[in-house]
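Please look over the sequence and the predicted model shown here.

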Amino acid sequence: MEKYEKLLNMLMDFNENIRFAAVCNRAGEILWNSKRNNVKNLVPLEDTKKTLQRAANAWDERSKISGLVGKGLYVIAAYEKIKRITIPLDKDHILFISVDNTPLKLSKNKSYGHLVEMGKILSIVDFVNSSN
């Protein structure tokens, strides 16, 4: 679908820290993707596909409690080098985003990654979903 290509392009244009973005189906198959130029994959694509399958299953599990806590909005897994974000787009599709986790030095011994602008990311998702 054209709207998912538009979504990926808008996300890549919005934030230069986004390394990779993909839309997958509930089986974890990548349907559309965009990768930033000059960015080396830290995780092999086959491993990313396995992650997406697990993420799809996890969203199915989360949906079982949505009547109690509301619809799931997103999940962020933070690592030293990257953050991996999954966002349900509709009943059949999930958005996956890999973001550079450039550390922000807080002291000699600790560093934490920068914050991800989830409000803006979700606004882009909402905008594209509403413009059919």
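## Helix 1 against helix 4

In this predicted model, helix 1 (residues 2–14) and helix 4 (residues 118–130) have axes that come within 10 Å of each other and cross at roughly 155°. Because angles over 145 degrees count as roughly antiparallel, helix 1 is roughly antiparallel to helix 4. The crossing in which helix 1 passes helix 4 is right-handed.

On the side of helix 1, the contact is made by Lys3, Lys6, Leu7, Met10, Leu11 and Phe14, while helix 4 contributes Lys120, Ile121, Ile124, Val125, Phe127, Val128 and Asn129. Sorted by class, the residues in this contact of helix 1 with helix 4 are nine nonpolar, one polar and three charged.

Strand 3 (residues 75–78) pairs with strand 4 (residues 82–88) in the antiparallel sense, and the pairing runs over four bridges.

## Met118

Met118 is found in helix 4, and its relative accessible area is 6%; because the cut-off for a buried residue is under 20%, Met118 counts as buried.

Leaving aside neighbours within four places in sequence, the residues in contact with Met118 are Tyr74, Ile76, Ile85 and Ile87.

Terms used
Residues numbered from 1 in each chain as written. Predicted model: local features only at pLDDT ≥ 70, side-chain atom pairs only at ≥ 80, totals over all residues. Heavy atoms only, no water. Axes fitted to C-alpha atoms, helices over the stretch in contact; angles between N-to-C directions. Helix = DSSP H or I, 4+ residues; strand = E, 2+ residues; numbered from the N terminus. Parallel < 35°, antiparallel > 145°, perpendicular 65-115°, else oblique. Left-handed = near helix turned anticlockwise from the far one by under 90°. Contact = heavy atoms within 4.5 Å. Nonpolar A, V, L, I, M, F, W, Y, C, P; charged D, E, K, R; others polar. Pairing = 2+ DSSP bridges. Buried < 20%, exposed > 50% of the residue type's maximum accessible area, 1.4 Å probe, protein only.
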